[in-house]
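Here are my notes for someone opening this entry for the first time. Please read them with the model on screen.

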Amino acid sequence: MLEVLTQKLNNVFDRLKGKGKLSEGDIDEALRQVRLALLEADVNFKVVKELLSRIRERALGAEVLRSLTPGQQVIKIVNEELIAILGKERSNLVSASKPPSVALVVGLQGGGKTTTAVKLALWLKHEGQHPLLVAADTRRPAAMEQLKLLAAQHSMPVYLDTLTEKGSKVMPPTICSRALEKAKELASNWVIVDTQGRLHIDEAMMAELADIKSAIKPSEVLLTVDAMTGQEAVNIAQEFHSRIGLTGLILTKMDGDARGGAALSIRFITGVPIKFLGTGEKIDALEPFYPDRLASRILGMGDVLSFIERVEKTIDQEQAKNWEKRIRTTGLNFEDFLSQIRQIQKMGSLGQLVETLGFSKVAPYLPGDGGEERLKKVEAIILSMTYEERHNPAIIDGKRRRRIARGSGTTPQDVNQAINQFYEMQKLTKSLTRGKLPKNAMKMLADRRHSK
């Protein structure tokens, strides 16, 4: 989502870093370019004005003008001010003093509210909590069924009012009150309520949400807003906050191709903290929001901690240990290569991973699909190999390559490329198993283990 903004900001900062000394004119010209980049990214003009005012005041100070690396100092200032605009620190979910805690998930129809409710419940489950989902959206016929199906995939309980299921009219506040009693029976310490949405904000919806809030007294009122709607997301958040009082925001579709202005504007304009980001369609694609990590990604510096967390969540640690032991003793084969491809696919698109690691300049050179089709092609090539070929790639001669190409629906050139990639991976794993990780990677992993 932030790719275009990141590229434009990087171009501005590259010009600054090329100068040994900065004048007031250099800084003003750089800030003019930053202003244009932010406005083109659909960032609210009030946010742009405040941000640039702060940056200019600090950039004209002695710490920059007298610095031996003034360009780097300006980037440092921009990073710090972006973090301040985004909210400084992570905002955690607030639990009730007496369980169960209640999170009321609100939003417009089509903004991903029901899916986000399930994502939030799954995130809580992974954190060791025991959530109960509540189907309080009685207006949209498919909402209850959608909630039930998504929750069942991850073995999470859902409260469905039996009278509502039979077609009797039960009001959402009553459903929610009954759900709290059910949560106590199940010993659930979090209740996630999926409320009704509309195509637009209206009096009936707001009155109903106010009634639900009054009946169950939630510790969290979370608005899901589609980040791809840009400035409209900010307007929606302001309206909900003024009418019912929000405690947090969940920005959905942060993996989309919108300009990203909502993410930079919504916290500053509404005063409501962003608590989570929806980063994909899968039910586990929900991440806590860290202002410093998003600021780092915007400036093209990557977000290695989020990458490490994604790896830890995706890869089975016992399986990884067994894989490492086998690699050390017998070396990498195509079975292992296939396993690694499937692990990468679980972690998201290659484009997302490249951006997260701070290689945003590489992203435009990836295929239009972010490289997913290439991975699928390599997967098909490996699946077309015999058991012997997968475990002993050295026997794959020209005749075998042509047969593999026919079986996988690819060309011999594609097979050659996949085999070359395998040999590169083989070299890399040899260096890694000898302990030749980059020093900064080793330090970061050590720091992370210590923090746990």
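Is the crossing in which α6 passes α7 left-handed or right-handed? The crossing is right-handed. Bear in mind that this is a predicted model.

1. Helices α6 and α7. Start with α6, residues 113-126, and α7, residues 141-152. Their axes come within 10 Å and cross at roughly 30°. Angles under 35 degrees count as roughly parallel, so α6 is roughly parallel to α7. On the α6 side, the contact uses T114, T115 and V118. On the α7 side, these residues meet A143, Q146, L147, L150 and A151. By class, the contact of α6 with α7 has 5 nonpolar residues, 3 polar and no charged.

2. Helices α11 and α12. Next, look at α11, residues 231-244. This helix packs with α12 at an angle of about 25°, and the two axes are 9 Å apart. That angle makes α11 roughly parallel to α12. The crossing of this pair is right-handed. From α11, the contact draws on Q231, A233, V234, A237, Q238 and H241. From α12 come A262, S265, I266, I269 and T270. The residues of this contact of α11 with α12 divide into 6 nonpolar and 5 polar, with no charged residue.

3. Helices α5 and α12. Helix α12, residues 261-270, also has a contact with α5, residues 70-86. Here the axes come within 7 Å and cross at roughly 60°. The two helices are therefore oblique to each other. L82, I85 and L86 represent α5 in the contact. They meet A263, L264, R267 and F268 of α12. The contact of α5 with α12 counts 6 nonpolar residues, no polar and 1 charged.

4. Backbone points to check. Most residues other than glycine have a negative phi, and most peptide bonds are trans. Two places deserve a look on that score. The peptide bond from P99 to P100 is cis, with omega near 5°. P100 lies in the loop between α5 and β1, the strand at 101-106. A187 is in the loop between α9 (172-186) and β4 (190-194).

5. Aromatic rings. How many aromatic pairs does the count come to? The count comes to 5. Which residues do ring pairs link into a cluster? They are F334, F337, F422 and Y423. Separately, look at Y290 and R293. The charged end of R293 sits over the ring of Y290. The distance from that end to the ring centre is 3.8 Å.

6. Where to look again. For helix packing, return to α12: α12 is roughly parallel to α11, but oblique to α5.

Conventions. Residues numbered from 1 in each chain as written. Predicted model: local features only at pLDDT ≥ 70, side-chain atom pairs only at ≥ 80, totals over all residues. Heavy atoms only, no water. Axes fitted to C-alpha atoms, helices over the stretch in contact; angles between N-to-C directions. Helix = DSSP H or I, 4+ residues; strand = E, 2+ residues; numbered from the N terminus. Parallel < 35°, antiparallel > 145°, perpendicular 65-115°, else oblique. Left-handed = near helix turned anticlockwise from the far one by under 90°. Contact = heavy atoms within 4.5 Å. Nonpolar A, V, L, I, M, F, W, Y, C, P; charged D, E, K, R; others polar. Phe/Tyr/Trp six-rings, centres within 6.5 Å; stacked < 30°, edge-to-face > 60°. Lys NZ or Arg CZ within 6 Å of the ring centre and 35° of its normal.
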